[in-house]
Amino acid sequence: MKKIFILCAAIVVTMGTFSCTKLNVPVESQYVKSNFPVTDADYIALLGTIYSNLSSSYAVPYWRMQDMATDEAILPARDGNFDDGGQYRQLHYHTWTFDHPNVIGVWQWGFGGINTCNRIISVINSSPSSEAKKQSSIAEVKAMRALYLYFMMDLYGNVPIITDFPVTTQPATQPRAKVYAFIESELKAVLPLLPAKSSNAATNVSQYGRPTKGMVFALLAKMYLNSGVYVGTNRYQETVTMCDSVQANTNYFLDAKYRDIFLPTNGPAINETIFAVPYDQQIPGNQFTRFGFFYYLVQAYGFNVNLSIAMSTTPEFYNRFNIPGDDRTKTWLAGPQFYPDGNGGFTNQPVYYPAGTVGVPANTQINIIPTLTLTGKKPMDLGNDVLTSQAEGVRSIKYYPDVNIIQATRLNSNDVPVFRLADIYLMKAEALLRGAAPTNINGETQTPLTLVNKLRLRAHAQTASSIDLDGLLDERARELSWEAWRRNDLIRYGLFEKEYPLPVMGGKTDDLKMNTDPTRRLYPVPSTELKTNPNLVQNPGY
C-alpha cells in the first residue's frame, strides 16, 4: 500500500518538472479521458492523492486539535523555547482564535481532501472503464470523502457539503444535523460496494489503508455514539449494531501484544486494525518521535538526530495508568530510564546523560519527572534546566521510536490507526452502559465488563470487577491514548470545559486561564475562509 503513495508522488513530480517554451504544439499524452483510468494501476495512481493528502496532516496538525486541546497532551515552553507564537498553549487553554495556524491548516486539509475526492469522481465518471469498475472505485472515493467530512463536522460543526467539481458557486454553511445525515446516507449507500476484510493475507495487503465495510461500520458506530452531541438524539442501540457488524467479521481479532499494534513495523499484519494511515520514510506526516521524545535518550534507542524535548502528557492523565501489570503503562517514559530491550520493553541497564552534558554530573541517570511546574515568568513555561525543567513531563513512546529516523526528515514508519477493534469494544461497552440492550455476537452475550476485561487480559493488566461510565472513560484513556479521540470523548462526557486543576500545573499561575465556555467544543471557521467566501457563517462564541 505504501508504494501507492510513492508512485503517485513520482507522477506529480514528473508532471511538475516540465516547463512550456513553445505554446503552439500538439498535445501528445499517453493518458487522456478516452483511455484513463482503465487498469488497476491507473486507478491506484489516480486515487493515491486522496491518501497522500490524508497522511500529510493526520498525525500532526489534526492530532494536535484533537489531543492537545485536552489533558492528554501538552507542549509547554521551556524558557521560551518551543512556544512558537503561543499556538500550543492556545490549544491547551482553549484560547485559540479564527486565525490559529491549526484552525486554518486543518480546515484546508480536510476540504482539500474533499475537493480531491470530487475531482477524482469526475474523472472516473468520464472514463471508459466498465460500469462495475466505476461504481466500486467511486464507492471507495465516496467513503473517503465521508471520512474527511466527518473530521470537519466533528471539529467545526456546521460546515459546507461540497460534492461538485469544479465548484461553480461559493458553498454555504450547512447545519451540523444536515451534514451528519449526508455522511450517514453516503456511508450506507457505498457499504454494499466495499470489500470486507478477508482471511487472505494478500487481499488484506491490497485493502490496507483503504475503506472497507469494517471502516464504514466503525465510522457509523462513532457517529451514533456521539449522535447526542452532533444532532441532539441518542442512538446507542444503533451503536451496538454497528459494533456487532464489525465483530461479525472474525478476521478482526485482538493481537496478542499491545505494543505490536504501534511499532514501526506495524501494517497489514496487525489483525485488529480496521483503518489506519500508513507512514514511512517516504510518506511524510508521522513525527511523534520528533516532537515528543526526550533528546538525551536518542543514543540509547539507536539513533542520533536532533529531536525536541517538549511534548508530553499531564500528571493528571498519566495517573490513570495505575493498574498492576498493565503493558499499556510501558508506552510512557516516566521515572528513572533504562535501555530498551528492542521488543517494546526495558532492560535493567540504566541510561545516563551523555558525558559532557552541561550542568549534569557524570554518571547521572536520566529521570523523567511526571510533574509540570510553571515558572510563572513566561506563559506555560517550565524553564530550561536539564535535570529538572527539561526532564519534566512524561513522554509517550506509544508510536515506538523508529531506528531508521534520520535528521533530514525525522519521520516515523509507524502507521497510525484511526479505527481498531479495541475501540469497537469500548464503544459498545459505553453504549450498553448508557442504556442499549445487550446482543449476542459470535455466540457470546457481551457485557461492558467482559468487553473491558478482554482488553485488560491482552495488556496483562489486573481485570476489573465492575465498570461504570467514569471507569470506562479512564479505560478509553489507557487503551486509546494519543490516538486522536480524547477531545471527542471528553465532549461526549460533558468534561471538555473542565479546568485543568492547578496542582497538575505546579500550583502557579502565569496570567493564563482556561476558557471554559461550551462554545469551545467547536473550532471557529478560519479567518481566511470567511474573507473569501461570504456564504460561510461563523460558529457562536467567535
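**Close-ups of a predicted model**

View 1. Tyr236, Thr239, Val240, Met242, Cys243, Asp244, Val246 and Gln247 are the buried residues of helix 10. We're looking at a predicted model here. Those buried residues pack against helix 8 (213–225), strand 1, helix 13 (421–433) and strand 9 (440–441). As for length, helix 10 covers residues 236–247, so at 1.5 Å a residue its 12 residues should span 16 Å; the end C-alpha atoms sit 17 Å apart, which agrees.

View 2. Pick out alanine 276 and you'll find its bridge partner in strand 8 is proline 417.

**View 3. The largest nonpolar core.** This core counts 123 residues, and Tyr58, Phe151, Tyr156 and Phe419 have the most contacts inside it. Helix 5 (residues 131–156) hands over the largest share, 15 residues. Apart from this core lies another one of 22 residues, with Ala300, Val305, Val351 and Tyr353 among them.

**View 4. Around tyrosine 58.** What does tyrosine 58 touch, leaving aside its neighbours within four places in sequence? Its contacts include the aromatic residues Trp63, Trp109, Phe151 and Tyr279. Val277, Val416, Pro417 and Val418 are also in contact with tyrosine 58, and Glu483 and Ala484 complete the set.

Methods: Residues are numbered from 1 along each chain as its sequence is written. This is a predicted model: local features need pLDDT of at least 70, side-chain atom pairs count only at pLDDT 80 or more; totals for chains, interfaces and linings use all residues. Side-chain values use heavy atoms; hydrogens and water are left out. Two strands pair if DSSP finds at least two bridges between them. Helices (H or I, at least four residues) and strands (E, at least two) are DSSP runs, numbered from the N terminus. A nonpolar core is a set of buried Ala, Val, Leu, Ile, Met, Phe, Trp, Tyr and Cys residues joined through side-chain atoms within 4.5 Å. Buried means under 20% relative accessible area, exposed over 50%, partly exposed in between (1.4 Å probe, protein chains only). Contact means heavy atoms within 4.5 Å. The expected span of a helix is 1.5 Å times one less than its number of residues.
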